[in-house]
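This report sets out the strand pairing, helix packing and nonpolar cores of a protein model. Please consult the sequence and the structure alongside the text.

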Amino acid sequence: MSLQTVLVVDDERDIRELLTITLGRMDLQVDAVGTVAEARRALGERSYDLCFTDMRLPDGTGHEVIELIAEEHPDTPVAMITAYGNVDAAVSALKAGAFDFVSKPVDIQMLRRLVRTALKLAEEKRSEAGGGAAAGSSERLIGDSPAMQQVRATIAKLARNQAPVYIAGESGVGKELVARLIHEQGPRASGPFIPVNCGAIPTELMESEFFGHRKGSFTGANSDKEGLFQAANGGTLFLDEVAELPLHMQVKLLRVIQEKAVRPIGGRGEVPVDVRILSATHKDLARLTQTSQFRQDLYYRINVIELRVPPLRERGGDIPLLARHILKRLSEQAGVPVPALQPAALEALTDYDFPGNVRELENVLERAIALCENGVIEPADLMLESAGGQEYADDDPEPDEPADDEESFDDGSNGGGVGLDDYISSIERDAIIKALKETRYNKTAAARKLGITFRALRYKLKKLGID
């Protein structure tokens, strides 16, 4: 079996020798050159599994090498060697197509981790070129519309490098799913994927949660604790709702991205971390930078590449496929046959704007499964008029947490039951409990007494928390 090959492009003899020795000990064959012209000649003579290039070269720049490799050797990962602290150059290199970057002075352990990740990526690309590509989890991103085909193609491209990606999109479009796919289709797939909702962590606990702490560093710190960055080491950290980070944490996050190291609370030194950062928010992050609510320097670090996930109203043609997929999954979870979606009901779904996007579609279909008769979903079972009156807050309910005003299962005497408040919910609860007691907790009889279906009663029992 032939050795894997690496091309090093740097005009400093010491750096070339350091990389040649270090990579040689990893059983890699190294060619080291000092100019862009020599790099062009080497790349013309053979293929390489990985390339390192300095930013400034006597006869050009590392960007020229990156562009050459991207055009003529797209399967070869290339990493930029930058001066310490020059993250602007690193970000520029990532945007140009670099796989990752290494800062001088070179950290040997960090270098070895980068090399292993890059070579794994190169092997996967060769496997794909030979027809051995697996279908992967991209099948979970449902939709054949041009917009979704573009999203899938972009995900496949972004999975091949280590650039921070900012995933933009409205609430409910599936930003976390997109982040998982970027992780799972890349060379970090075997590493951890750590999602964190930045708006759900109390401010006073953020530093400890993100960076960890040492025993005795503060009251209650009874043992060492690993932070989220350490937990994601070798994998991906997904910062959901990143706009919710307070300014003091934005500063600390920026430093971690720049230095690729964290300092636990109470720790004496920094701990290197090898983590890819993916982030998302439904808010307009660019506008928040203009109002000083989000640091502009951090915005440029996490938004090296932006991926917009389209709202459901921009891909209405995907609704039939999505609806069938969601109905199948929800029915399997509930242990009931998959209901048939009447053509009129499907038309109603495709005509609706879905301000809550895919998450709202899941809520609507979950409710329809509970309401429909004889395994057939009619337009009335969707209750889209009441859904259209909802205001989808920033913290949209999860698919298994219907909003309080979604529906009422009664005989129509309250005018349709749209927009139930706590008062009416309590009346409804009392009526259900009374019917259960009168029928000795026979749910079938209680449903008949209340004038609703057994499935509707079961749904209301769950929603109202009645055992």
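Strands are DSSP runs of E with at least two residues, helices are runs of H or I with at least four, and both are numbered from the N terminus. Two strands count as paired if DSSP finds at least two bridges between them.

This pair belongs to an open sheet of 5 strands with parallel pairing, in the order β2-β1-β3-β6-β7. Its edge strands, β2 (28-33) and β7 (100-103), each pair on one side only. From one strand to the next, the twist averages 20 degrees. Axes here are lines fitted to C-alpha atoms, for helices over the stretch in contact, and angles between N-to-C directions run from 0 to 180 degrees.

Helix α2 (residues 36-45) lies across β1 and β2, at about 165 degrees to β1.

Another open sheet of 5 strands, with parallel pairing, has the order β9-β10-β13-β8-β14. Strands β9 (193-197) and β14 (305-308) have a single partner strand each, so one side of each is left without a neighbour in the sheet. The twist averages 20 degrees from one strand to the next.

Strand β8 (residues 165-168) runs parallel to β14 and is joined to it by 4 bridges; Ile167 stands opposite Leu307 in β14. Helix α6 (residues 146-158) lies across β8, β13 (276-281) and β14, running at about 155 degrees to β14.

## Nonpolar cores

A nonpolar core is a set of buried Ala, Val, Leu, Ile, Met, Phe, Trp, Tyr and Cys residues joined through side-chain atoms within 4.5 Å. The largest has 45 residues, and those with the most contacts inside it are Leu7, Ile155, Val165, Ile167, Val178 and Ile182. Helix α4 (residues 87-96) gives the most to this core, with 5 residues. Neighbours within four places in sequence aside, Val178 is in contact with Leu141, Ile155, Ile167, Leu307 and Val309. A second, separate core of 32 residues includes Met206, Leu228, Leu253 and Ile257.

## Cysteines and burial

Cys51 counts as buried because its relative accessibility is 0%, and Cys198 counts as buried because its value is 1%. Buried means under 20% relative accessible area, exposed over 50%, and partly exposed in between, with a 1.4 Å probe and protein chains only.

## Overall composition and basis

The protein has 20 helices and 16 strands. Buried residues make up 49% of its 467 residues. Of the contacts with a separation of 6 or more, 69% are between residues 24 or more positions apart.

Residues are numbered from 1 along each chain as its sequence is written, and side-chain values use heavy atoms, with hydrogens and water left out. As the model is predicted, local features need pLDDT of at least 70 and side-chain atom pairs count only at pLDDT 80 or more, while totals for chains, interfaces and linings use all residues.

Terms used: Contact = heavy atoms within 4.5 Å.
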